[in-house]
Amino acid sequence: MTKELAPRRFALLPLVLEGKLIGCLYFDCTMETIDASPTARQLLSDLRDQLVAALAWHRANAAVAER
């Protein structure tokens, strides 16, 4: 995929819930001006962590609602 899109920068972050890979987030940019600083990488990781937490919350509440 990266060969076809030819991004200047990209990130691929796994989504792991309860020890299982459930998907991944892919970010890319074709502009050279995008900052790849440690802060930017941390923000992407934090976004991933929040998404996984929301999915875990949804899964837990869906299980309770089914009872």
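**Close-up 1. Salt bridge between Glu 18 and Arg 59 in the predicted model.** The closest N and O atoms of Glu 18 and Arg 59 are 3.3 Å apart. Glu 18 belongs to the loop between β1 and β2 and Arg 59 to helix α2, so the pair ties together parts that are 41 residues apart in sequence. Glu 18 is exposed, at 61% relative accessible area, whereas Arg 59 is partly exposed, at 40%.

**Close-up 2. Salt bridge between Arg 48 and Asp 49.** The structure holds 2 salt bridges; in this one the N to O distance is 2.9 Å. Arg 48 counts as buried because its relative accessibility is 18%, under the 20% limit. Asp 49 is partly exposed, with 42% relative accessibility.

**Close-up 3. Helix α2 and its cover.** Helix α2 runs over residues 38-66. Ser 45, Arg 48 and Val 52 are the buried residues of α2, and their cover includes β1 (9-17) and β2 (20-29).

**Close-up 4. The largest nonpolar core.** Five residues make up this core: Leu 13, Leu 15, Leu 17, Leu 25 and Val 52. Strand β1 supplies the largest share, 3 residues. Beyond its neighbours within four places in sequence, Leu 25 is in contact with Ala 11, Leu 12, Leu 13, Leu 15, Arg 48 and Leu 51.

**Close-up 5. Nonpolar surface patch of Ile 22, Leu 51 and Leu 55.** Together these residues have about 210 Å² of accessible area. Leu 51, in helix α2, is partly exposed at 31% relative accessibility.

Technical notes: Residues numbered from 1 in each chain as written. Predicted model: local features only at pLDDT ≥ 70, side-chain atom pairs only at ≥ 80, totals over all residues. Heavy atoms only, no water. Patch = residues over 30% accessible without salt bridge, like charges linked within 9 Å, V, L, I, M, F, W, Y side chains within 5 Å. Areas by Shrake-Rupley, 256 points an atom, 1.4 Å probe, with all protein chains shown as cover. Salt bridge = Lys/Arg side-chain N within 4 Å of Asp/Glu carboxyl O. Helix = DSSP H or I, 4+ residues; strand = E, 2+ residues; numbered from the N terminus. Buried < 20%, exposed > 50% of the residue type's maximum accessible area, 1.4 Å probe, protein only. Contact = heavy atoms within 4.5 Å. Core = buried A, V, L, I, M, F, W, Y, C linked by side-chain atoms within 4.5 Å.
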